[in-house]
Amino acid sequence: MAGDFDYEMREDAASFSSGSQKARVWTEGWVLRQMYCPSCGEQPLTDYTNNKPVADFYCGLCEEDFELKSTKGKFGKKITDGAYATMMSRLQSDSVPSLMLLRYTAGDKMVQDLSVIPKQFFVTDLIERRKPLAKTARRAGWVGCNILIDKVPRAGRITLVENRIARPKDVVLDKWAKTAFLRGKNLTQKGWVLDVLNCVEHIGQSEFTLGDVYKFENYLSELHPENNHVKPKIRQQLQVLRDAGVLEFMARGKYRVI
Ligand SMILES: [Zn+2]
C-alpha cells in the first residue's frame, strides 16, 4: 500500500436493526478490506467466524490476534470489555488479543482515527472489575470488566490513522517492533517497566535525569508495596528501556527518550 487508505466504510448494514450492530458491520468490514497487520505488515487480516470469543481478527502470517473496539464519539478513559474472570485468566496465560481502537463518523460513514495497543501492554492494573449485574438483569450476577486505556503509556498506543491521515506503514511496524521487548516478561516484570515508562512520559521532556525519575519513588512504592528497594528497581527498569531502544543513556545520570 503506497500511502493512504480509503476511509469510507462501504459495507451494507441495512438489514441490521440497532445502531451498534450496524457499526459492527461497517467497522469490521472496513478493517478486513483496508487494514494490514501492525505487527508484521501482512494484509489482509482474517476474521474469526461466528463471534468466537477469542478475538475479532487474526493475522495469518504472524498469528497475532486483534480485538476491535469502535466509537463514533471519543474514546474515554476506559473501555467496556467482556467477563472479568475471563480477562484475568487470559492475562495470566498471555492470550489477550491486541486492541484496535477505531473512531468513525456516523453520518458519512468515514473512519477518522485508528490506533492499536499491542497485547504486551496489558497488565492487571489496566483491568477494572465492574459491579455485578443487578438481580433483575437477564445475566444477574455476571461481572464484566473495563480496560483503563488512559493508563497505557504513549509508547503502547500506536497510531495508524489520525484525522484520516495514515501514518507510513514502516513507521507503524517500527513502533510495534520497539515494544516487542515486553513479550516474554511476566506480569510483574511488565508492571514495573510500564510504571517507570509512565513516569518518564510524565516528566514530559526528551532529556531528563535520574533525579527526575526518583521523584516518583513514593508513587512507585505505593504501586509496589512488596518492594523495599524502589530506587535500584528504577535504575534497573531504565536499563531495560535502554536495552530496548526506548531510551538512550547520555552522561552519567542523564537520559534521553529516543
Ligand atoms: Zn502479522
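A residue counts as buried if 20 or more other C-beta atoms lie within 10 Å of its own, exposed if 12 or fewer, and partly exposed in between, with C-beta atoms placed from the backbone. Everything here is a predicted model: local features need pLDDT of at least 70, side-chain atom pairs count only at pLDDT 80 or more, and totals for chains, interfaces and linings use all residues. Residues are numbered from 1 along each chain as its sequence is written.

**View 1. Phe5, in the segment before helix H1 (19-34).** Helices (H or I, at least four residues) and strands (E, at least two) are DSSP runs, numbered from the N terminus. Phe5 counts as partly exposed because it has 18 C-beta neighbours inside 10 Å. Leaving aside neighbours within four places in sequence, Phe5 is in contact with Gln34, Val161 and Ala166, where contact means C-beta atoms, placed from the backbone, within 7 Å. Val161 sits 156 residues away from Phe5 along the chain, yet their C-alpha atoms are separated by 8.9 Å.

**View 2. Strand E6 (residues 110-117) and its pairing with E5 (residues 98-105).** Strands pair here if DSSP finds at least two bridges between them. E5 and E6 go antiparallel over seven bridges, and Leu102 has Leu114 as its bridge partner in E6. The hairpin leaves four residues between the strands, and Lys109 takes a positive phi near 55° there.

**View 3. E6 again, now with strand E9 (residues 158-162).** This pairing is also antiparallel, over three bridges.

**View 4. The open sheet E4-E8-E7.** Three strands make up this sheet, with antiparallel pairing. Strand E4 (79-83) and strand E7 (127-129) are the edge strands, each pairing on one side only. From one strand to the next, the twist averages 35°; axes are lines fitted to C-alpha atoms, for helices over the stretch in contact, and angles run from 0 to 180 degrees between N-to-C directions. Three bridges join E7 to strand E8 (residues 144-147), and Ile127 has Ile147 as its bridge partner in E8. Helix H2 (residues 84-92) packs on the sheet and touches E4, E7 and E8, with its direction at about 85° to that of E4.

**View 5. Leu148, in the loop between E8 and E9.** Leu148 is partly exposed because 14 other C-beta atoms lie within 10 Å. Not counting residues up to four places away in sequence, Leu148 touches Lys77, Lys78, Leu126 and Glu128. Gly76 is 72 residues from Leu148 along the chain, and the C-alpha atoms of the two are separated by 9.0 Å.

**View 6. Zooming out to the protein chain, with seven helices and 13 strands.** The C-alpha atoms fill a box of roughly 65 × 55 × 30 Å along the principal axes. With 258 residues, a compact globule would have a radius of gyration near 18 Å, and the chain's 20 Å agrees; the radius is taken over C-alpha atoms, and the globule rule is 2.2 Å times the number of residues to the power 0.38. Buried residues make up 29% of the 258. Among contacts between residues at least 6 apart in sequence, 55% join residues at least 24 apart.

Terms used: Contact = placed C-beta atoms within 7 Å.
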